[in-house]
Structure formats: structure tokens, C-alpha cells
Amino acid sequence: MKALNKLTIRETLQALKDKKFSSCELLESHIKAVEANRDLNAFITETLDLAKEKAKESDLKYLNGEARALEGIPVSVKDVFCTKDVRTTAASKILSNFTPPYESTITTNLFGKGVVMLGKTNLDEFAMGVTNHYSAFGPAINPWKETGSKENLVPGGSSGGSAITVAAHMSMGALGTDTGGSVRQPASFCGIVGFKPSYGRCSRYGIVAFASSLDQAGVFARSVDDAALLSTAIMGYDNKDATCSKEELPNLESAMDQGLKGMKIGIPKEYHGAGLDPEIEALWANAKEMLRKEGAEIVDVTLPHTKYGVAAYYVIAPAEASSNLARYDGVRYGLREYKEGMSLDEMYEATRTEGFGHEVERRIMIGTYVLSSGFYDAYFSQAQRVRKLMVTDFKLAFDKVDALLTPVTINTAFALTDKKQMDPIALYLNDVFTIPASMAGLPAMSIPAKLNGKGLPIGLQVIANRFREDNVFRVAKNLERCLNFKVSPKGY
Amino acid sequence: MTISKGTVLKTAKLARLKIPEDKIDLYTKEISNIVDLIDTLNEVDTKGVETLVNVDEFSITTQKDEITAGNCADKILKNAPKEKLGYFVVPKVIE
């Protein structure tokens, strides 16, 4: 039998039901992996003792025939979800001593289904970044390496730690958040599935806010099927978030049972440019043919404002962030920097300067600038109008097709020492293919497709219309079968 | 540079951030580069396009303003950097 931590969630649930092994044994195999891979710096806070207690409870539930939908499944949680009585830092020094007195809705939902949390994972500070190196707790490391190289690569971000735990078999699934690609991009860099439901599908209650009109919870898993199990557990209306939707939930299971006959899949022509790696381009073309052979009709579509997505995002997201992060003032929680004789304003300034990292400061500055008197209309309003045009582009495309197939990223994982890639603007451009779906609030998934010539994973993205998560899973499940990607990082 | 050192310092003040003397040039350069990126939005003709506030602007739900949780002041104050008699303590504001 395979090592327990290498099973799929669905296999595991069946085996637990059949008493082939216990939740405690399952947990033990994951704890071993967590302990063996601490050099990847995937966790900010491990909660292994708490996990042991929960696994015992899960075993009791199986014994009493009271097992819930995900009973005993070990999962890791991005350290941006507030967890009651468990430190929640958002990878920031300013929250390094914050212990929430309440639980986020998403973790409440997941724990209510019997999930066992292994710990809180590393991320770019306040979810701002694409490399996971903007963390006050040190960078997280991708378990993948180029063939024959020992150079550490970035796992992507911001939800890098969560992606690593799933790719390196430290957890069976993980929670992330996606504001402009923070689930899909690390999933692609780490060779796993990453799914972001429509904006409004998941409650944002208890998620440390970055950009509220874009922030959305998402999941990581090693298969489309496992992603469906986790997504079903977290989606749904919550009255604690006014933007949470009452729209009827999709049936992902039945969607995954369907073939592609009769489905129209769009290929947006604007995704061909933007410095796309030729290997990714070729893989994308290949996947398009696979879907055609499966019976889908392939349709060329146009999303004319794609190239302005990054610029509009880097107005809107920092603007919202500068407002959201105004709450960190050293008064009610988190870090306080104070020296005798300081005024209240001086205390605010000292606290924020000491507590925020460089990238977060940069984004707060940009956000403050674009919202400041005299610039608001030129930048913020203009960006919101461009966002409207992007939403309209997608609306017109989805009049013609059921889903879109695109690349996730322009390149594969790169080294922390790669100066060209690590330039701030170059990093912003990393999200060029993931930002548009975020701007329009659409459900989108990254699916691991193939290793490139250097042995690094490439992902492909499926995007569907608002609240049509079923179409994402239908295409993704069929695509996954055709691609047959079953590789794990060497040594994990 | 698209923006001046003065603008950077004014913005930092508005954001309640203090930029160390030796980093002002770095911040001015970095922020100028980002402003150059977002300036490309000016290429887009948005005449007559409405401003999008939220992708869900028509479906935001409302509810009665009722107390659903409470009696947890002590738990909240546990995270306070400084508290006294059930209140957050800040430097003296009024002389």
C-alpha cells in the first residue's frame, strides 16, 4: 500500500470508513512529513498537538458511525485565516503576537466537516506577493528543483506555504486566498491543483483583509476531485459577509461526471503575448487539441483589455489595501512601538514603520497616492472604469463559450537569486494571466499539466462565468485525465 | 522620476509611515516605476464607461442591525498592547 500521506482525499475517506487505518495513523504519516521538511519553511505555526487531539476525536466519530464529510483529513491553513486561540500573523511583524478570539467562517466550515488542521502556513506578508519571500518569517521554499540543480526556487505566492505542504505531501489539502492569483500561481509553480471560486461564493469573515473587492478563499489539492471535496466544504452563504452570495451552490460531483461533448471552450487571443514562455505556449496549444478530441468545440475569443489588467489591479488592490491596513495602529492589537513622550501620531508612525515590511509599505504608499486629493479620478476612478471594461470583455466572451482555457503564468518557478525575475515590476507582471479573472470575480483553476525541459511543473488555467464553478470542474476533470500528470517533486 | 521626493514624503505622512533619510531615493525610484506602470491606464478610452465599485454591487445583502455576539471584552483586550480598567490605553491626546 502507498504511504498514507500520498493517498487522495477520496481514497482516504473510503479507507477510514472501512477501518483500513485510523485518523491517528493518517495524521502520524503527515506529521513525519512535516517534521522531515521543516527546511522548506512552509509553516509559520505548527499545531501538531492540537491535530493529535482532533484526530482522536475523528477516530471516535468513525467508531460511532458519526463521521462527517471530511472526517480526519489533515489540512493546512494559510496564516491569513483567523483561527480561534491559534496565533494568526498574516506573515507580518505587526501581527506576530495576535491570537484571534474568534474563528473565520471558512475554517469553521472546514472544521465542522471533521478536517484536522496541521498548522498555519507561510505567505507573502498580508498576501502581497508572488514569491513568498515577502514574509516576516523568512521565505518558503519550493520542493521542486531544476533537474540536476540544487538552487532553491520560489513556490509562488502569496499562498506559497499552503502550496508547498500539499506538493510535498505534508497535508492532503490546504486553504489559501486569491486576490490576483495567490492560489493559482503557487499551485502552478508547485505542480498541484489550485482553485478560486467566484467572488461571493466564500465568506471573507475572519480572513485578514487585503483588497476586499478581490479577496477570495481558495483550495489546494493534488487532484481536481480532491479540490471539489474541499471546495464544496467551504462555499456557501454567510450573513457575516455582506458580499457573500445566496446564489445556489453548484453540484461539482455531477459536473465532473460529464464529458465535454456540446461544450464550447474559448481561447483568448490576448493571452498569447505578454512574454509567454514558448514551452508553455506549446503545451497550451496541445491541451486545446486534447479538449477538441474529447468533443469540445474550440472557439477563438477576444478579451481586449487584458493587457491593462495588471495596471488596473495595481491601482485598485493597493488602494483597498491602504484603507484596510489603516487599522494597524498599535492601539487595539498587534505590535506597538512607543517611547516615552511620543504623541499618538508619532506612535502610529513608529508602529507602522516597524511593523510593515518593504513591499507592504510600498503598496500602502501607492494606494495612498492614488486615493489622494487630485489623483483620485485620474487613477482610482479610471482603474475602476477599466475594470468595468474587463468585466464586459468576459461577459461578451461567455455569451459564446462555457469556459476559457489559458496559461496560468508566463514562466515556471524561478530562483530567489534571479535578479531579473525578482525586480518589483517584473514580479507584478507575473500575475498578468490570473488578474483578469480576479477583476471580474470569476471562478478559475490551475491544473498541473506537464514538466518543462528543466523538470519544473507548468499549469494551465480554466476560467468559467460567474457562479459556474461546475463548468470549471467539468473541463478540469476531463483535462486532468487527458494530461495524466502524476509526478511529485523528487524526494518528497 | 515621475514623482518627486516631496510627493513621496507627503504620501508617507498621509499613510502614517516614516521613510528613513537614506531610503527616500530608493522609495522615490520604486514608486515612480510603479506609477509609470499604472499610467498606462491613460491609454484606455473610458468615455461613457461607468465606474465599477464591486462585481457584486447589485447583490449585496443587508440584515437587521442586531447584536449576535458579545460579552467578550476581556478576550479582545487580551490582544491589546496596553489596557487599563477595561479600556485601550493610548498616549495622552488632550492636555
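Colleague: How many helices and strands are there in chain B?
Modeller: The model is predicted: local features need pLDDT of at least 70, side-chain atom pairs count only at pLDDT 80 or more, and totals for chains, interfaces and linings use all residues. Residues are numbered from 1 along each chain as its sequence is written, while chains are lettered from A and ligands numbered from 1 in the order in which they are written. Helices (H or I, at least four residues) and strands (E, at least two) are DSSP runs, numbered from the N terminus. Along the sequence, chain B follows the pattern α-α-α-β-β, and its count is three helices and two strands.

Colleague: What is the radius of gyration of chain B?
Modeller: The radius of gyration is taken over C-alpha atoms, and the globule rule is 2.2 Å times the number of residues to the power 0.38. The C-alpha trace of chain B spans about 55 × 45 × 25 Å along its principal axes. A compact globule of 95 residues would come out near 12 Å, but the value for chain B is 22 Å.

Colleague: What percentage of the residues of chain B count as buried?
Modeller: A residue is buried if 20 or more other C-beta atoms lie within 10 Å of its own, exposed if 12 or fewer, and partly exposed in between, with C-beta atoms placed from the backbone. Over the 95 residues of chain B, the buried share is 16%.

Colleague: And what is the radius of gyration of chain A?
Modeller: Chain A has 16 helices and eleven strands. The globule rule gives 23 Å for its 492 residues, and the value for chain A is close to that, so chain A is as compact as a globular protein of that length. Its radius of gyration is 21 Å.

Colleague: Which residues of chain B does Tyr314(A) contact?
Modeller: Two residues are in contact if their C-beta atoms, placed from the backbone, lie within 7 Å. Neighbours within four places in sequence are left aside. Within chain A, Tyr314(A) then contacts Ile366(A) and Tyr428(A); in chain B, its partners are Ile34(B), Leu37(B) and Ile38(B).

Colleague: Which helix of chain B gives the most to the side that touches chain A?
Modeller: The contact takes 40 residues from chain B and 54 residues from chain A. Helices H1 (5–14), H2 (24–39) and H3 (73–77) of chain B each supply at least two residues of that side of chain B. With six residues, the helix that gives the most is H2(B).

Colleague: Which residue of chain B does Glu361(A) touch?
Modeller: Glu361(A) lies in helix H12 (residues 358–371) of chain A. It has 23 other C-beta atoms within 10 Å, so Glu361(A) is buried. Not counting residues up to four places away in sequence, Glu361(A) touches Phe356(A) and, from chain B, Leu17(B).

Colleague: What arc do the buried residues of H2(A) cover around the axis?
Modeller: The buried residues of H2(A) are Ser23(A), Leu26(A), Leu27(A), His30(A), Ala33(A) and Val34(A). The arc is that of the directions from the helix axis to the C-beta atoms. These residues are on the same side of H2(A), because their arc is only 120°.

Colleague: How many of the 15 residues of H16(A) are buried?
Modeller: The buried residues of H16(A) include Phe473(A), Arg474(A) and Leu479(A). H16(A) is largely enclosed by the rest of the structure, because its number of buried residues is twelve.

Colleague: Which peptide bond is cis, with omega near 10°?
Modeller: Most residues other than glycine have a negative phi, and most peptide bonds are trans. Ser158(A) lies in the loop between E3 and helix H5 (160–167) of chain A. The cis bond runs from Gly157(A) to Ser158(A).
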